[in-house]
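This report describes selected local features of one model. The sequence and the structure come first.

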Amino acid sequence: MRLIIFGPPGAGKGTQASLLETRRGLVQISTGDIIREAMKNETPVGKEAKAYVEKGELVPDTVVRKLAENAIADEDYDDYVLDGYPRTTQQAEWLTEFCEENDTPIDAVLSLSVPDEVIVERLSRRRVHAETGETYHLDHDPPPADIDPDLIVQRDDDQPETVRNRLAVYRDETEPLEEYYESRDLLLTVNGEGDIEDVYERIDSVLDERVATRA
Ligand code: AP5
Ligand code: MG
C-alpha cells in the first residue's frame, strides 16, 4: 500500500506514520526527519535547508523532491507512508508524475484534522531524543525513565514564534492540497483529536474500508 499522511504541524503525522510502520508494515518516509538528519550531519542539503527549517519556512521544492523520490525508490516504490511530503502543489504534481511513471499510484491520502489550540499544546509539550529523533509528549507519551534526561530536548522549530509561522505556511501552501487529492478521490479525512490509540483505530478502519471497496 502507498499512502500519504497529511495535516498541520503537530497533527500527529509522525506518531501515526510510525504506528503504521510497526502495525501495517509500511515504511515511514518523513522528509522532515531526513532533513533534520542531513542538518545534524552538516551535509550540503542539510546546510542549505537549515535557514528555512529554523524559520519555519519550506525548504525549496527541488531539494525536497530529490529526497522524497530517492527514499521511495529505496523502498522499491511500494509499502510506504509519506509523512510531510508533498507540501506544495508543485510537489504534489511531481509526485503524481513520478508514481505514474513507475506505475505505482498512491492508494490514499490520510488527512488528520486537529484544531489550532490542540496543535499549540502538543508542540509545546513535544520532546525528542537528541540522537535517535524519537518523539515524545511530556503528558501523553512520556520518554522512558531509563533515558538520560540530558538527551531529551525540544525541536528548534518548536519555539512559539516558529510554530506560528509553520501554521501560516501550512494554511497558505499545503492545505490547498486537500482539494487536489479530494478531486482525485484519494482523500480520507480522520479526526486527529483524542488518544494516540483512538486516532490509530480510526485510521486503521478507514484504510480497511478503502481496501474493501477497492478490492
Ligand atoms: P516536519 O518534521 O514534517 O514538521 P511538521 O509538518 O511541522 O510536523 P511535525 O513533525 O511538527 O508534527 P507531526 O504531525 O509529525 O506531529 P507528531 O507526531 O510529532 O517538517 C519540519 C520542517 O522541514 C518544515 O517546517 C520544513 O522546513 C521542512 N520540510 C519537511 N518536509 C518538507 C517538504 N515536503 N517541503 C518543504 N519543506 C519541508 O506529534 C506532535 C506531538 O503531539 C508529539 O509530542 C506527539 O507525541 C504528540 N501527539 C501526537 N498525537 C497525539 C494525540 N493523539 N494525543 C496527544 N498527543 C499526541
Ligand atoms: Mg513529524
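## Basis

This is a predicted model, in which local features need pLDDT of at least 70 and side-chain atom pairs count only at pLDDT 80 or more, while totals for chains, interfaces and linings use all residues. Residues are numbered from 1 along each chain as its sequence is written, chains are lettered from A and ligands numbered from 1 in the order in which they are written, and side-chain values use heavy atoms, with hydrogens and water left out.

Helices (H or I, at least four residues) and strands (E, at least two) are DSSP runs, numbered from the N terminus.

## Helix 1

Helix 1 covers residues 13-24, and its 12 residues reach 15 Å from first to last C-alpha, close to the 16 Å expected at 1.5 Å a residue. The expected span is 1.5 Å times one less than the number of residues. K13, Q16, A17, L19 and L20 are buried in this helix; buried means under 20% relative accessible area, exposed over 50% and partly exposed in between, with a 1.4 Å probe and protein chains only. Seen down the axis of helix 1, its buried residues fall within an arc of 160°, so they line one face of the helix. The arc is taken over the directions from the helix axis to the C-beta atoms.

The cover over the buried residues of helix 1 includes strand 1 (2-6), strand 2 (27-30), strand 3 (80-83), strand 4 (108-113) and helix 9 (196-214). Contact here means heavy atoms within 4.5 Å. Just after helix 1, G25 takes a positive phi of about 70°.

## Ligand 1

Ligand 1 is surrounded by 34 residues, of which T15, E57, R87, R126 and R166 are the closest; a residue is near a molecule if one of its heavy atoms lies within 4 Å of it. Helix 1, helix 2 (31-40), strand 6 (135-137) and helix 9 each supply at least two residues of this shell. Helix 2 gives the most, with 4 residues.

An N or O atom in the T15 side chain is 2.5 Å from an oxygen atom of ligand 1. A backbone N or O atom of A11 lies 3.2 Å from a ligand oxygen atom, and a polar side-chain atom of Q91 lies 2.9 Å from a ligand nitrogen atom. The protein covers 97% of the 1000 Å² of accessible area that ligand 1 has on its own, by the Shrake-Rupley method with a 1.4 Å probe.

## R166 and helix 7

R166 is placed in helix 7 (residues 160-174) and, at 11% relative accessibility, counts as buried. Its side chain makes a polar contact with the side chain of D158 at 3.0 Å. A polar contact is a pair of N or O atoms within 3.5 Å; within protein, one must be able to donate a hydrogen and the other to accept it, and residues adjacent in sequence count only if both atoms are side-chain atoms.

The buried residues of helix 7 are T162, V163, R166, L167, V169, Y170 and T174. Seen down the axis of helix 7, they fall within an arc of 165°, so they line one face. The face turned away from the buried side carries the exposed residues P160, E161, R164 and D172.

## Backbone features

The peptide bond from Y85 to P86 is cis, with omega near 0°. P86 is placed in the loop between strand 3 and helix 5 (89-101).

D103, although not a glycine, has a positive phi of about 55°. D103 is exposed, with a relative accessible area of 68%.
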